[in-house]
Amino acid sequence: MGNLISYCDDKSDLKFRDEDNALAAKWQMSEKKVSLLRKRFNSIDREAKGFSTRGDLLSVKGLVLNPFIDRIVEIFFQKADRKEGEEKLYFSQFLETVLIFRPVKERDVNNPDKVNSRINKVRFAYRMYDLDNDGSISKDEILGVLVMMVGPHVDKEQLEEIAERAMREVDDDADNTMSFEEYAKIMERVAVEEKMSIKFLE
Ligand code: CA
């Protein structure tokens with residue numbers, strides 16, 4: 001994730017100033033930070049189209065090696081415009097997903113209306129596993145994620161066993177899927193606020 005926002009330079013671009021100022025007000029961020037993120041976005045948009053395609057995001061340096069790259073890009077593009085089969089991700093849409101990773105202030109941790117609250121961070125993680133985007137996670141999806149993480153060279157039977165066990169452990173209502181509530185419950189043990197925050201976005 002960090003690779004998406006890591007590059008910045010300091011030359012300002014007046015062309016986007018009004019929109020950036022409006023976004024800064026909307027998200028209660030400094031204008032400078034928004035404009036730095038804008039520059040990063042513009043560098044991802046390789047042909048200066050004014051929007052990014054999946055291909056642009058898929059070729060972000062450093063992110064290419066992330067086993068979850070397809071999922072990350074998919075989650076970004078769930079916010080994108082779709083017209084005549086073409087998907088366009090605009091800066092404001094990009095920013096909305098990036099801001100999930102903003103460190104959250106103590107008073108906002110449990111505020112679901114804040115994009116960077118704990119529950120919204122957990123929701124992002126949940127969507128990473130929900131490979132068919134249907135809002136629930138099956139055992140096959142857990143297995144799919146395990147394969148993504150460790151690569152195809154590990155004994156499949158062993159991974160199936162791990163997926164099976166993981167499902168049994170979380171599936172309180174025994175419906176053979178991991179609901180968001182069940183996932184959120186196991187994530188209570190995880191310091192999501194720390195792990196899913198990027199300091200630069202503070
Ligand atoms: Ca699913």
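Residues are numbered from 1 along each chain as its sequence is written. Because the model is predicted, local features need pLDDT of at least 70 and side-chain atom pairs count only at pLDDT 80 or more, while totals for chains, interfaces and linings use all residues. Helices (H or I, at least four residues) and strands (E, at least two) are DSSP runs, numbered from the N terminus.

Helix α7 covers residues 139-150. Its 12 residues, at 1.5 Å a residue, should span 16 Å, and the end C-alpha atoms are 17 Å apart, which agrees; the expected span is 1.5 Å times one less than the number of residues. The buried residues of α7 are Glu141, Ile142, Leu143 and Val145. A residue is buried if 20 or more other C-beta atoms lie within 10 Å of its own, exposed if 12 or fewer, and partly exposed in between, with C-beta atoms placed from the backbone. These buried residues pack against α6 (118-129), β3 (137-138) and α8 (156-170). After α7 comes Gly151, with a positive phi near 90°.

The packing of α7 on α8 has an angle of about 130°, and the axes are 9 Å apart. Axes are lines fitted to C-alpha atoms, for helices over the stretch in contact, and angles run from 0 to 180 degrees between N-to-C directions. The angle makes α7 oblique to α8; angles under 35 degrees count as roughly parallel, over 145 as roughly antiparallel, 65 to 115 as roughly perpendicular and the rest as oblique. The crossing of the two helices is right-handed, meaning that the near helix is turned clockwise from the far one by less than a right angle (left-handed if anticlockwise). Residues of α7 in the contact include Ile142 and Leu143, and those of α8 include Leu159 and Met167. Two residues are in contact if their C-beta atoms, placed from the backbone, lie within 7 Å. By class, this contact of α7 with α8 has 9 nonpolar, no polar and 3 charged residues. Ala, Val, Leu, Ile, Met, Phe, Trp, Tyr, Cys and Pro count as nonpolar, Asp, Glu, Lys and Arg as charged, and the others, Gly among them, as polar.

Helix α2 (residues 31-44) packs with helix α5 (residues 91-98) at about 115°, with the axes 11 Å apart. The two are therefore roughly perpendicular. In this contact Leu37, Arg38 and Phe41 of α2 meet Phe91, Phe94, Leu95 and Val98 of α5. The residues divide into 6 nonpolar, no polar and 1 charged.

Helix α2 also meets α1, the axes coming within 9 Å and crossing at roughly 120°. The pair is therefore oblique. The contact joins Asp20, Asn21, Leu23 and Ala24 of α1 to Glu31, Val34, Ser35 and Arg38 of α2. It has 3 nonpolar, 2 polar and 3 charged residues.

Most residues other than glycine have a negative phi. Gln28, in the loop between α1 (17-27) and α2, has a positive phi of about 50°. Gln28 counts as exposed because it has 8 C-beta neighbours inside 10 Å. Asn176, in the loop between α8 and β4 (177-178), has a positive phi near 70° and counts as exposed with 11 such neighbours. Lys199 lies in the segment after α10 (192-195) and, with 9 C-beta neighbours inside 10 Å, is exposed. Lys199 and Pro103 are 96 residues apart in sequence, but their C-alpha atoms are 6.5 Å apart in space.
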